[in-house]
Amino acid sequence: MAAAHTTSDQPQVRGVFDCDEAHRSPLRSDYKRIFDSGLVVLDTNVLLNLYRSNESTRRDTLAALARLRERLWIPHQVLTEFWRNRESPTVRHHHATKANEASAALDKAVNAARTVVTTWLTAVQLKDNEEAVERTDRDLTELAEAAGSLKGFIRAQAECDALKETATTHTDPVLNALEPLLHGRVGEPLPSDEFDKAVKEAQERADEGIPPGHEDFRTKEPELAAGDYLVWVQLMAEARHRGCDVLLVTGDVKKDWWTNRGYDIPPRPRAELLQELREQAGVGLYMLTPSELLRWAKELLELNVDEGSVRDLEQLGEASADKDSEDEAWTAESLAAFMDELMRRYPSRVKAIVAAAANGGFVDRETVYELAGYDETRRLRGFTQPIGTLSRDLQAVGVLTGGEPFLLTTVYGHAADPSWAKGFRIPSGVIPLLRSKYEGGDLWQTRDSGEAGSEPSDRG
């Protein structure tokens with residue numbers, strides 16, 4: 001029987017799932033199909049977690065990846081981020097770093113307890129009471145000894161869990177395991193012109209709240225903040241080439257990747273991502289965290305996965321989610337320290353930031369050229385990079401936390417060429433702080449280029 005055709009006179013027959021926002025919960029058969037014939041894409045954190053995990057979790061994760069070897073693929077952006085982050089103290093030296101943090105917290109708690117007790121003794125006029133002082137000293141000594149014992153246990157456990165011989169690449173057991181697994185399964189890097197275009201697109205999408213990756217533009221310089229979108233662009237291209245459904249395995253559980261995750265709701269990607277991949281490649285998208293991948297590998301691949309390995313990866317994911325969810329702001333002190341050092345290194349960037357603050361948060365391209373004394377042949381590409389460099393330098397010495405919103409972001413779309421910067425924007429939250437520091441000075445100059453906070457039309 002011939003298939004029925006819908007004519008313009010016949011309305012399309014729709015069902016409850018015929019909506020861009022609709023989600024079908026993934027089934028066991030979906031994951032089985034992808035394990036057998038789909039594309040399993042690994043995000044950067046999946047690879048980096050091999051350093052952070054204990055031996056059992058690392059062994060179980062590598063066993064699952066080995067069984068999926070023919071299906072594995074990673075975007076080149078993932079490889080770039082892997083090597084960029086591998087030397088971070090929170091990656092290759094994860095266990096020692098966490099042990100040091102715990103030890104420092106215990107020392108702080110003991111010192112705080114001493115301060116509290118001393119303050120109390122003084123407040124209730126017992127500072128010269130021998131019996132009270134002797135009793136509190138004895139208990140505080142026991143508290144310090146207990147903390148010392150805990151620190152010893154924590155450091156011993158860190159030494160036990162730490163991955164050995166990672167100092168050189170040829171002895172690193174993670175690299176030795178990943179090389180045969182991923183050989184021939186890494187995508188090509190984007191050509192430089194396509195890379196620049198993608199970074200610009202990432203920022204434009206972030207301005208409109210389009211996933212993935214818009215959350216990162218709060219705290220990172222554009223080329224780093226665009227990382228998630230670069231992964232997404234490369235994933236879509238590979239899915240289009242292969243024509244098969246995709247399973248993205250990522251420990252990034254921010255809201256610009258996932259729908260709201262509840263304790264009884266199966267993990268699902270954002271509806272916008274499902275729709276975009278369907279439009280761009282004609283295939284479906286599924287997502288799992290590393291711990292969820294292990295659960296499905298245990299069931300579908302009949303692997304002997306330790307439940308402790310699943311919990312270990314869950315805890316790593318929760319720690320990352322807690323860090324990502326911190327909503328830290330600039331303080332008057334941190335911003336002053338940053339701006340003073342920026343003035344010493346890159347005064348043109350300070351002028352642009354203050355000009356933006358004086359004009360509602362935005363400074364146009366022409367004003368930046370004027371303030372910086374650039375000639376018309378000078379390009380603005382990379383103008384915000386010193387902001388990221390200085391941010392990292394000040395994070396390393398504890399002046400910044402790393403959670404502060406990125407201070408100067410590019411706005412593209414100049415009338416002469418859409419690929420040019422139209423201007424630059426600063427976070428609204430820093431405007432009062434900058435006003436307090438600079439208003440009345442030479443750098444604080446308001447301009448008649450449009451309504452405060454607006455992005456004025458480009459000049460001809």
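This report covers salt bridges and a charged surface patch in a predicted model.

## Basis

In this predicted model, local features need pLDDT of at least 70 and side-chain atom pairs count only at pLDDT 80 or more, while totals for chains, interfaces and linings use all residues. Residues are numbered from 1 along each chain as its sequence is written, and side-chain values use heavy atoms, with hydrogens and water left out.

## Salt bridges

With a salt bridge defined as a side-chain nitrogen of Lys or Arg within 4 Å of a carboxyl oxygen of Asp or Glu, the count is 26.

R205 and E276 form one, at 3.0 Å from N to O. R205 lies in helix α8 (residues 192-207) and E276 in helix α11 (residues 271-281), so this pair ties together parts 71 residues apart in sequence. Helices are DSSP runs (H or I, at least four residues), numbered from the N terminus. R205 is buried at 13% relative accessibility, and E276 is buried at 15%. Buried means under 20% relative accessible area, exposed over 50%, and partly exposed in between (1.4 Å probe, protein chains only).

R58 pairs with E55, their closest N and O atoms being 3.1 Å apart. Both lie in helix α3 (residues 55-67), three residues apart. R58 is buried at 6%, whereas E55 is partly exposed at 46%.

## Negative patch

E130, E131, E134 and D137 gather in a surface patch of negative charge. Patch residues have over 30% relative accessible area and no salt bridge, with like charges joined within 9 Å. D137 belongs to helix α6 (residues 130-161) and is partly exposed, at 39%.

Terms used. Patch = residues over 30% accessible without salt bridge, like charges linked within 9 Å, V, L, I, M, F, W, Y side chains within 5 Å. Areas by Shrake-Rupley, 256 points an atom, 1.4 Å probe, with all protein chains shown as cover. Lys, Arg positive; Asp, Glu negative; His and termini not counted. Charge placed at Lys NZ, Arg CZ, Asp CG, Glu CD. Helix = DSSP H or I, 4+ residues; strand = E, 2+ residues; numbered from the N terminus.
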